[in-house]
Amino acid sequence: MADFTAEVFQNEFLPDGGTDVHAIVRVTSSGASAGAAATAAGAGGPESSAEVILIDTSGSMGRRGVAAAGVAAKAALNEIVDGTLFAVVAGNGTAQIVYPYSHQGALVPMSSHTRGEAIRAVEQLRANGGTAMGTWLTLARRIFETVPHVTKRHAILLTDGVNEGETPASLQAAVQSCIGVFQCDCRGVGDQWRVEEVRGIASALLGTVDLIPAPEEMAAEFESMMRASMARGVANVELRVWVPQGAELLFVKQVSPTLEDLTGRRTPVNPLTGAYPTGAWSDESRDYHVAVRLPARTLGQEQLAARVQISLGSDPVAQALVKAKWSNDDSLTTRIDPAVAAYTGQAELAQVIQEGLAAKAAGQDEVATSKLGRAVHLAAVTGNEEMTTRLRKVVEIDDADTGTVRLKKGASKIDEMSLDTASTKTSRVRR
Amino acid sequence: MTDLPPIPSGTVPVGTTGDSDPADPTVDPADPAGGPAADPAAGRDCPVCGTASVPGSSFCEACGADLGGPHPRTGGLPPSAWASPADVEADTPPAAGAGSDDAVLSPATPQTAPVGEESPLDVGWTGAVPSERTEPMPDDLTCTACGQGRIVDGYCDHCGTPPPDPRNHFSDAPAAWVGGVCDIGKRHTRNEDAMALSATAAPGSRAVLVVCDGVSMATDSHIASLAAATAARGVLDQPFPKGVGTPDAWAAGAGRALTTAVKEANAAVAATVRDDVPNPPSCTFAAAVVEDGVIVAGNVGDSRVYWLPDAAHDAARQLGRDDSYAQEQMSAGVSRVDAENGKLAHSITRWLGTDAPDDLTPHLTTVRTTPETPGWLMVCSDGLWNYCSEAEALRTLLQDAVGRVGDSPVALAQTLVDFANDQGGRDNITVALARLAGQGSKTSGASRASGETSGSAATAGPEEGDPVHG
């Protein structure tokens, strides 16, 4: 069984009249992957997890793209542990189950036999038609709904284009209907898809989003994505946050390994406690930024500002206490916790990158220059060299300290997209 | 896997303890319905089993219970037995005077077993009876800040407040006639006041009251003051040499003991000092020892001892005097009001600590009280007298409090602490009280030679130590 631990990084001291408490809660699981192996081996029943692979077969994929997608699907199928229920869906303007065959049901357990049949099926894929990802997701949801007893449900979605086959509202409705039914990691191949659109799907479905520059790189990406999913042995982990009567929970964000604002995903547990879904866990560590606004108390007083728990079902398995103490000692109250500072900076970095790129795409060069200049500055002061390198492909940096930049003429679309998708990946704050 | 409590729902837990106390003698087991309202002359129903009885009969036809006598009440437990020790220690003042409840209790009838000792075989047993005390007894885990949540992991699960630091507010009642309260006040973040009391049970027999006020802004003064007070009590608890057996000889011995107590307290303060602090802790000292009605008081700094006699014609007064800039001003002719509200009013000229002045001889005063001159001995910190400095005003304040909450020393001390907090609570507040009403003569009369003190309020002249102006 998995073990969870939670530790808190914060400066608990508030100045006279201070109200806002910020804390980073680091949640670490161990033994979760062992759980996955045990599950696959039959301890938890062979059918306690399900995988669906959603492959874009729209006309824009072309012969080469679909062939590469087939190879990628094969790589993913090879990673799926025997016993796991699975299906492969091909999507364009509509969605069709490619495997299993219709007489076998919506999902079949993985075995050497079904794997071979599935691989032969994906080799038959042909590029044709438009792109309506909502229909793919809806089909995936229906597939997963045939196995309500399966707790760990995961999909991989591959696309290469803009969702022009349906209205944004239609896609949005499909995504909403899938929330809580399955998790979905999304990948875009090439430079013709829209990061914002696919990020919306991944974010809502507790998955990741990334760019695959060329079709040939898909297989490696699919392999690692599926391996990561197989390693997640604990499903439906919830983050629960209690704040005292009279307090306001300003936000709850995942800040590592990726940025994800969870604030709007609250489901109330009781009047003082909200639950936030975090999906399935392998052996890993995730950081959460919790901000609470309290009514100020008198100097010298102390109170619990938040209780952050990790729970499996309704059982809390780890917790961290976020505290507040009012003090008139400036040396205590002015210090900002390094983890809070670092993640606050990274969150702002992600925001200005996304806003800068959006402004650039909209032709608002002045806004784009200012936002990306701020991003260059933030990346420089936080020593985020990877982000600086990515930014350098999009802007000419005149002075990183002041954030003085010029938009690069002829920056490639794929560099902008890779900067965009990378913006939410945070570098882990060391303790 | 770690076992943790689920996040509590915030609903108010309902205490179950104290709801049903079979030993509570205030409840009549035979009278769950609310008392014998029936008129005896009208052929009333049996108060025990409810059977209608024949008019004029003395006993119930059904169960044999006595119909004529006074209604059976409790089985003779004295009222003191149901004032649990917890009541004395509780923050809330105990019910004023158990005596008022005496009137409620009718004489016991011999055939009814005391509540709690009755058995189903006893005639008229009607099962366990819920206590009249309907309020759920708050247990240790109920939050004192909001009263709604419970303490989980050291914090209230409703409002997030931790349980109060016991150092910030504590009370002590070593005997029924001696008690005190030490409180953080409203503005300070630490309670640097300290209090140490001891007393023997017989009223007026022997008591030690020590109050030390840690100097704020100094490091660890809250530790130093408590160490000082405890050390001083340790010295003053020892019996003093009686000498030739006269009260004067005892008072002289007590004076020497107080001087020793100051030295020991000073050493205790020094022992708390960590090497590297730039601002070592320091505190004041005020103490009084009572033995068979004789009070010997001593102080260093601006914590005070007062003698507040009940009789208006006996002067209320401060015993000893402050070592403070304000006191120096008053000695030089400045009025008390002006001096105590001046800029340096709270600067003290002598204190205990590693940087204390050389001369720490306390200002000593002896007062002889008699059963005919009852009054209150008070030792307090400036957290109280800041708001009521004149002895006469303090006596009025105290007597008002007696009128409201009775004469329990802890309840009175709490009332005075509440008064200071209502005035602003700018400093830590400590009030220690001893009731001297001559009751000691009943129990230790032999040791009180008749004619030892004659007349009213035979107060010996203060044996002042050398005034020192540090």
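In the predicted model, 41% of the 470 residues of chain B count as buried. The secondary structure of chain B consists of 10 helices and 15 strands. Contacts within chain B were examined by sequence separation: among those between residues at least 6 apart in sequence, 68% join residues at least 24 apart.

Chain B also touches chain A. At this interface, 15 residues of chain B are in contact with 25 residues of chain A.

Two packed helices are described by the angle between their axes and the distance between the axes. Helix 4 of chain A spans residues 133-145 and helix 5 of chain A spans residues 168-178. The two helices pack at an angle of about 20°, and their axes lie 8 Å apart. Because angles under 35 degrees count as roughly parallel, helix 4 of chain A and helix 5 of chain A are described as roughly parallel to each other. The crossing of these two helices is left-handed.

Helix 4 of chain A contributes Met133(A), Gly134(A), Leu137(A), Thr138(A) and Arg141(A) to the contact. From helix 5 of chain A, the contributing residues are Ser170(A), Leu171(A), Ala174(A), Val175(A), Ser177(A) and Cys178(A). By class, the residues of this helix-helix contact divide into 6 nonpolar, 4 polar and 1 charged.

Conventions. Residues are numbered from 1 along each chain as its sequence is written. Chains are lettered from A and ligands numbered from 1 in the order in which they are written. This is a predicted model: local features need pLDDT of at least 70, side-chain atom pairs count only at pLDDT 80 or more; totals for chains, interfaces and linings use all residues. Two residues are in contact if their C-beta atoms, placed from the backbone, lie within 7 Å. Helices (H or I, at least four residues) and strands (E, at least two) are DSSP runs, numbered from the N terminus. A residue is buried if 20 or more other C-beta atoms lie within 10 Å of its own, exposed if 12 or fewer, and partly exposed in between; C-beta atoms are placed from the backbone. Axes are lines fitted to C-alpha atoms, for helices over the stretch in contact, and angles run from 0 to 180 degrees between N-to-C directions. Angles under 35 degrees count as roughly parallel, over 145 as roughly antiparallel, 65 to 115 as roughly perpendicular and the rest as oblique. A crossing is left-handed if the near helix is turned anticlockwise from the far one by less than a right angle, and right-handed if clockwise. Ala, Val, Leu, Ile, Met, Phe, Trp, Tyr, Cys and Pro count as nonpolar, Asp, Glu, Lys and Arg as charged, and the others, Gly among them, as polar.
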